[in-house]
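I opened my notebook to look around a structure that was new to me. Here is what I looked up, entry by entry.

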Amino acid sequence: MAKQIIETDSVVVKFVGDSGDGMQLSGTLFSDAAALGGNDIATFPDYPAEIRAPHNTIAGVSGYQVHIGSHIYSSGDKCDFLVAMNPASFKSNLKWAKKGATIIVDIDTFTDEAMTKAGYTSNPFTDELEREYTIVKAPVTSFTKRIGEEKGADLKTTEKCRNMFALGIIFYVTNKTLTQTEKYLERKFAKKPAIVELNKAVLTEGYEYAEKLELIHSHIVKVSNAKMPAGKYRNITGNVATAWGLLAASERSGRQLFLGSYPITPATDVMVELAKHKSLGARVFQAEDEIAGICSAIGASYAGALACTSTSGPGLSLKSEALGLAVMTELPLVVVDVQRGGPSTGLPTKTEQSDLNQALYGRNGEAPLIVVAASSSANCFYWAYTAAKLALEHMTPVILLTDGYLGNGSQLFRIPKVADLPSITPRLATPNDPNYRPFRRDEKTLAREWALPGMEGLSHRVGGLEKCPDGPLSTDPENHALMVRNRQEKVDRVANYIPDQEVTGNPDADLLVVGWGGTSGALTLAVEEMNAEGKKVAYTHFNYICPLPKNTGDILRKYKKIVVCELNNGQFAGYLRTQFPECPMHQYNKIMGLPFEVGELKNCFTKILGE
Amino acid sequence: MAERHFVPQADCEYTKADFQSDQMVKWCPGCGDHAILNSLLATFPKTGHKKENILMVSGIGCSSRIPYYVDTYGFHSIHGRACAIATGAKLANPALSVWVNMGDGDSMAIGGNHLIHAVRRNQDLNITIFNNEIYGLTKGQYSPTTKFGQVTKTSPYGTIDYPFNPGELVMGAQGTFFARALDCVPLLTTEIMTRAAKHDGTSVVEVLQNCMIFNDKTHAAITDRAVRDDRTIILKHGQPMIFGKDKNKGLRFNGRCLEAVTIGENGITMDDIMIHDETTEDTGIHMMLARMSGDLPVAIGVIRNVKKTSYTQLYEDQMDECKATGKYKCVDDLLNSGDTWMVE
């Protein structure tokens, strides 16, 4: 059959295999190549909590999904191409393949033993299955081994290259060249030319194998290039974007960056990234525990740094008391919470939006603070920057909510110039100011001034005990009431400094879809598709969570039907109801540790519209 | 590696009065904390550090009120976390002279983890532990240093908790400076604190402090004037370990352990008495000295004072090195690094 190339707007490729099969790397290399070739991309790694779960078991399956196309909002629902490196990954991921998808399996791994381990009792490749999908039974292991032998490589090294064979096939069927990946290999193994040779040979072998395979010649796709605003682009993960946003805020504000953190999935990479950048002045401290992480940051903040701590759900729980201290001492602090499935240890490697209540309310006493949420991997940069700006200008802790999906996922990022970012003006006190008082407030923002140890003539004490505006301790009832009100009012007034909430989709619709945080990709696409199909749906997505934008009530009151969609059991819906009890709200909640799929959202919206 | 000093020296001479705050001191009359505060106020002028560069950090408990009574920058934080807060402040600004004040419960129960890790890192912090062997502010529950078997409000039948010895804990965590002081000998406390301040690394000073209300006389068996000279030994670097009212007792190492001997008895001469060396890296003898009790006098003074490059210096050296050699000079460099491409 002649080679036939299908032009398409987008394609989803998923690489799955045993932990250690190199699926995360295959996915990254493919998405990088696609991005450099001009596609828009979004990626989503899906890996088990265990580093190397037992070989060939379902528990050990690791995956990486890549969505490429002309305009990509999310990492996609189901895949067009599935690469499965062993029976267990094939079994657990078949449900994520679209009907008619092309599935490439390493047939050499489908031994009786491995199939039994995966839970198969009979041949998985039934006639019915072969009719539904195009299944390429590629001899990945044996071909790779043959090349390894030719190149004189040992078996262990050779086996590590199997992913390159699969990647070669995928490059062929997506009509891409190998150049980008070859360059990567040359860079990565610059000191090991034999490894470069071997990997390149296996990659090419995979590509050539596909070239000769007529079975897939009618399935080759050419994905349209991105239509994006002009500018310079790069690929970035949410956690790296968060780290870079903090670095930019430090440079722009002139305050040294301090991060005190403790390793925790999926937030660790924020610390890992910042630890690399001592040359940019990032002072990173790996603390003995989560509490020391935030406490060291509070100490650094008192001493004048742009102080941050990064964590995930259980870590935020441990930081609760210290967060109250930051509220009480009115010190700037950025807490990054890369949310994961909870409660307790929960689902460490899966995504969820269930820390919202904890962020809003998880402290003793009246302890208001600012909560913002990023909504894409790339915009983690801007939300980290914004969190820092708000903390420094309003003298308050800020919690930035991202999640495992945003943090580990990647996206194209239009590179800004730091000088073009909004200015940041910390509220520094003036040395020897005779009128300095620790809790003297700015008339407009109610923010206090930041007097740093080392500044002459401003020595003062802060702490967890209630103080009076002049600084000393006070248990006076009236004073406590005043200070509680001031701390609340200070956070409320942040609403005067943030932009209005926007509505997209069809503003005259009957149904308003409400989302917040990391779900905007799937929600945007679902709403777009609904409107394209002639249904009227409006959409508003929240990044400013506390305080809410001032026009929030006006928007909510305008629509007959509202559905609040979130990856938890209804926390944002509950929060909105307490403030806008006059607005009835539907909920769409998913609590499976997985992101939304466009299909399920559209079903839900259609149902509500029909009611 | 060149030793660096980060805390700027004052260009004037301070007196104790310069550090007294205008706040009313609210400890119980007769509390040992008053004496410790006085010793500390007398210490600051001796360190020569710029006043505005001094930061007092405390946790929660009676002793942790101390920042309010000292006219420097101060942070009265939350229970157990003083070390962690101090660590962050010193990291953010190494030019600060950072003092951490905690009680026994604050430092070794709820804050035990932070204490051992602070000690292990050897950052340039000055830690004072006010050890009254009781929870005072919550009115009399046993602490991690309460004597075994003691009856307290939460141990009505006597504690069955084996107590911590702060010195052992510090040395077990590779501490480089440990000293013990008595609240009732304030001049010696000031001397010890001054040496602690000069130590480049984490210093821990345990002050045996009396809580008149909830654990009165807990240290009396060694601190009462009548017995003090015989029940304690003041260690001085390079000097023989002599003690006793008549200065005729000493410590000897018998090959297995330390023993108290009387000079002139059983053929013991001054040559048999050990010379105190606070600088030996090995913790063996220091550990034995810190542990002395019962038949042996309780060791007072600087027990251990070892040179080891501080975390503060290592951190700053690494920062300087990275800044000098780093690829990225500004965040724009970083944003534009690696694979990037133009979209027209």
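Into which domains is chain A divided? I found domain 1 (5-223), domain 2 (234-420) and domain 3 (504-610); their bounds come from an automatic or database domain assignment.

**Ground rules.** I noted that this is a predicted model, where local features need pLDDT of at least 70, side-chain atom pairs count only at pLDDT 80 or more, and totals for chains, interfaces and linings use all residues. Residues are numbered from 1 along each chain as its sequence is written, while chains are lettered from A and ligands numbered from 1 in the order in which they are written.

**Domains 1 and 3 of chain A.** I looked up the C-alpha centres of these two domains, and they lie 36 Å apart. Four residues from domain 1 of chain A and eight residues from domain 3 of chain A make the contact. Two residues are in contact if their C-beta atoms, placed from the backbone, lie within 7 Å. On the domain 1 side I listed two nonpolar residues, one polar and one charged. Here Ala, Val, Leu, Ile, Met, Phe, Trp, Tyr, Cys and Pro count as nonpolar, Asp, Glu, Lys and Arg as charged, and the others, Gly among them, as polar.

**Chain B as a whole.** I found eleven helices and twelve strands in chain B. Helices (H or I, at least four residues) and strands (E, at least two) are DSSP runs, numbered from the N terminus. Buried residues make up 50% of its 344 residues. A residue is buried if 20 or more other C-beta atoms lie within 10 Å of its own, exposed if 12 or fewer, and partly exposed in between, with C-beta atoms placed from the backbone.

**Ala42(B).** I picked one residue of helix α1 (residues 32-47) of chain B, namely Ala42(B). Is Ala42(B) buried, exposed or partly exposed? Ala42(B) counts as partly exposed because it has 19 C-beta neighbours inside 10 Å. Leaving aside neighbours within four places in sequence, I found Ala42(B) in contact with Lys16(B) and Thr190(B). The C-alpha atoms of Ala42(B) and Ala17(B) are separated by 8.7 Å, and the two are 25 residues apart along the chain.

**Where the chains touch.** The contact takes 56 residues from chain A and 48 residues from chain B. On the chain B side, α2(B) gives the largest share, eight residues. That side divides into 24 nonpolar, 17 polar and seven charged residues. I also saw strand β17 (residues 461-463) of chain A pair with β2(B) in the parallel sense over three bridges; two strands pair if DSSP finds at least two bridges between them. In this pair, Val462(A) stands opposite Phe75(B).

**A sheet in chain A.** What is the order of the strands in the open sheet of five? I read β18-β20-β19-β22-β23 (chain A), with mixed pairing. The edge strands, each pairing on one side only, are β18 (504-505) and β23 (586-589) of chain A. Strand β22 (residues 561-566) of chain A pairs with β23(A) in the parallel sense over four bridges, and Glu566(A) stands opposite Asn589(A).

**The core.** The largest nonpolar core has 261 residues, and those with the most contacts inside it are Ile298(A), Leu400(A) and Val513(A). A nonpolar core is a set of buried Ala, Val, Leu, Ile, Met, Phe, Trp, Tyr and Cys residues joined through C-beta atoms within 7 Å. Helix α15 (residues 380-394) of chain A gives the most to this core, eleven residues.
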